[in-house]
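I opened this entry to keep track of what I looked up, one topic at a time.

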Amino acid sequence: MRILAMDGALARASAAVWVDGAVRASALAEGARGQAVALPPMVARVLAEAGLAATELDAVAAVIGPGGFTGLRAALALAQGVALAAGCPAIGVTTGEALRAALPPALRDGVAVWSVIDTRRGRVLLERFAPGEDAAAAPPQSLAPEELPDPAGPVALVGDMAGAVAEALAARGIPARLTGSLLPEAGAVAAVAALRLAGRLPPRAALPLYVEPPAVRLPGA
């Protein structure tokens, strides 16, 4: 199974080539802006390092959100274009799925995982996963920090709001485990896409997943 994966959802751009269960080549660039410029040469580089032509791919995967409007659109447009040229499917992976896939299997199998993303508008984008290797997420929600539900049991936090959410839960007397999975990486995106290709997760199109409208106003609005 040969998968090209990419991500530009948050403050990082990354690309990776996954071959038969392992990352063969990967690259990333930190930064909240510039994914549209960074991703195309990054994709070309990882394909060259992996020794693959696009026509040899079985699938192309990209993070669909939640996340920043511009980075998501850049990654998805590139993924759709490469998939079309290669004649293979384009597969969508949510931000939370990618963040969760980067955790050790024993952790994600043992406890629920919450993906918490900063909207930059004082709210949290929450994806909740039950324990289990192939757990599917509940639909993402946009919540104020005080609206976060109480977890039913132990929970591990991923995403760029993990620290703040851990503090909010601790104030209610609810412990939560912080993890190092704060921003998606393309290798984890490919791992989720491989589960989709194998039929172990429901299909998901490579189309943007918006939980909130873009933070823009029309002139005069």
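Predicted model: local features only at pLDDT ≥ 70, side-chain atom pairs only at ≥ 80, totals over all residues.

I then checked its length. Helix 2 covers residues 69-86, which is 18 residues. At 1.5 Å a residue these should span 26 Å, and the end C-alpha atoms are 26 Å apart, so the two agree.

Next I asked which residues of helix 2 are buried. They are G71, L72, A74, A75, L76, L78, A79, V82, A83 and A86. The buried residues of helix 2 pack against strand 1 (2-7), helix 1 (35-50), strand 4 (59-65) and strand 5 (90-94). After helix 2 comes G87. The phi of G87 is positive, near 70 degrees.

**An aromatic pair.** F69 and Y210 have ring centres 5.6 Å apart, with planes at 25 degrees. Planes under 30 degrees apart count as stacked, so this pair is stacked. F69 belongs to helix 2, while Y210 sits in the segment after helix 6 (186-197). The pair therefore ties together parts that are 141 residues apart in sequence. F69 is partly exposed, at 41% relative accessible area. Y210 is partly exposed too, at 34%.

Five strands make an open sheet, ordered 3-2-1-4-5, with mixed pairing. Strand 3 (22-30) and strand 5 are at the edges. Each has a single partner strand, so one side of each lacks a neighbour in the sheet. From one strand to the next, the twist averages 20 degrees.

I noted how strands pair in general: through backbone hydrogen bonds, either parallel or antiparallel. Then I took one pairing. Strand 1 and strand 2 (residues 12-19) run antiparallel and are joined by six bridges. Which residue of strand 2 is the bridge partner of R2? I found V19.

Helix 6 was my next stop. Helix 6 lies across strand 1, strand 2, strand 3, strand 4 and strand 5. Relative to strand 1 it runs at about 130 degrees.

**The cores.** I then turned to nonpolar packing. In soluble globular proteins, nonpolar side chains tend to be buried together. The largest nonpolar core here has 32 residues. I3, A61 and V189 have the most contacts inside that core. Helix 6 gives the largest share of this core, seven residues.

Leaving out neighbours within four places in sequence, A61 is in contact with I3, L4, A5, M6, I91, V189 and A193. Another core lies apart from the largest one. That other core has 28 residues, including A13, A27, L76 and C88.

**Two single residues.** Is S181 buried or exposed? I found S181 buried, with a relative accessible area of 7%. S181 is placed in the loop between strand 10 (177-178) and helix 6. Not counting residues up to four places away in sequence, S181 touches L99, A102, L103, V158 and G159.

Last, I looked up G163. G163 is in helix 5 (residues 162-170). With 36% relative accessibility, G163 counts as partly exposed. From G163 to G65 I noted 98 residues in sequence and 20 Å in space, C-alpha to C-alpha.

Notes. Residues numbered from 1 in each chain as written. Heavy atoms only, no water. Helix = DSSP H or I, 4+ residues; strand = E, 2+ residues; numbered from the N terminus. Expected span 1.5 Å × (residues − 1). Buried < 20%, exposed > 50% of the residue type's maximum accessible area, 1.4 Å probe, protein only. Contact = heavy atoms within 4.5 Å. Phe/Tyr/Trp six-rings, centres within 6.5 Å; stacked < 30°, edge-to-face > 60°. Pairing = 2+ DSSP bridges. Axes fitted to C-alpha atoms, helices over the stretch in contact; angles between N-to-C directions. Core = buried A, V, L, I, M, F, W, Y, C linked by side-chain atoms within 4.5 Å.
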